[in-house]
Amino acid sequence: MPMVDALLPEFDHEMTTTRKVLERVPEDKFAWKPHAKSFSLGTLAAHVAMLPAWGEETLTRSEIDIAGGRPPVAPASKAELMATFDKNVAAARSALAGKTDAELLATWTLKRGGRAIFSMPKTAVLRSFVLSHLIHHRGQLSVYLRLLDVPVPSIYGPSADEPSF
């Protein structure tokens, strides 16, 4: 079985679940923070919405240099948040579809100021730097929702608010 045939269902599942979480983010609480050192809700949600763009970057390039990158910024609206997420998911999925095993095993490098931070096969970058990174921040986002008393959707199983899928 080609690797892409295993990656696409995983990608689709995680993006569908992430979209459900992002849909719950209350626009009127974008500025809320659970702690002074934490991202605001809107900034964290924007980061989650942007992470699929790293999938496209990984799958269409051999490296990226993040020198001069800027931190995430809260979107102006919930509509903007969702449009960003949907656009990034579509671009990443399109970049993934049809990739050969050889393309997925090609090395990708993350650099900062010309210095390599890490190099891994694209499939490993997609799984760790993109999907696991997104899942980590989606988990943070679900805690923010709980703290704001916003119903948390089921993610990998029932939540206290959704007993079934």
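Mentor: The largest pocket has a volume of about 810 Å³ (the space filled by probe spheres set on grid points joined across faces, edges and corners). A pocket here is an open set of points on a 1 Å grid over the protein atoms alone, where a 1.4 Å probe fits, with protein on both sides within 12 Å along at least five of seven lines; lining residues have an atom within 4 Å of a point. This is a predicted model, so local features need pLDDT of at least 70 and side-chain atom pairs 80 or more, while totals for chains, interfaces and linings use all residues. Residues are numbered from 1 along each chain, and side-chain values use heavy atoms, leaving out hydrogens and water.

The lining of this pocket has 27 residues, and M50, W54, R70, P71 and P72 are the closest to the pocket's centre. At least two lining residues come from each of α2 (41–60), β1 (63–65), α3, β2 (107–112) and α5 (DSSP runs numbered from the N terminus: helices are H or I, at least four residues; strands are E, at least two). With nine residues, α2 gives the most to the lining.

In one of them, the side chain of E10 meets that of R127, with N and O 2.6 Å apart. Because E10 belongs to helix α1 (residues 3–24) and R127 to helix α5 (residues 122–147), this pair ties together parts that are 117 residues apart in sequence. E10 is partly exposed at 26% relative accessibility (buried is under 20%, exposed over 50%, partly exposed in between, with a 1.4 Å probe and protein chains only).

D12 and R93 form a salt bridge whose closest N and O atoms are 2.7 Å apart. Here D12 sits in helix α1 and R93 in helix α3 (residues 78–96), so distant parts of the chain are linked across 81 residues. Both ends are partly exposed: R93 has a relative accessible area of 33%, and D12 has 27%.

Now stay within helix α1 itself. R19 and E23 form a salt bridge of 2.3 Å, N to O. They are four residues apart in this helix, about one turn. R19 is partly exposed at 27%, and E23 is partly exposed at 40%. Through shared partners, salt bridges join R19, E23 and D86 into one network.

What about a charged side chain that is hidden? E14 is also in helix α1, yet with 7% relative accessibility it is buried. Leaving aside residues up to four places away in sequence, E14 touches L131, I135, R138 and Y156 (contact means heavy atoms within 4.5 Å).

Finally, look at K122 in helix α5, which is buried at 10% relative accessibility. Its neighbours, again not counting those up to four places away, include T58, L59, T60, R61 and W108. One of these, T60, is 62 residues from K122 in sequence, while their C-alpha atoms are 9.6 Å apart in space.

Notes
Salt bridge = Lys/Arg side-chain N within 4 Å of Asp/Glu carboxyl O.
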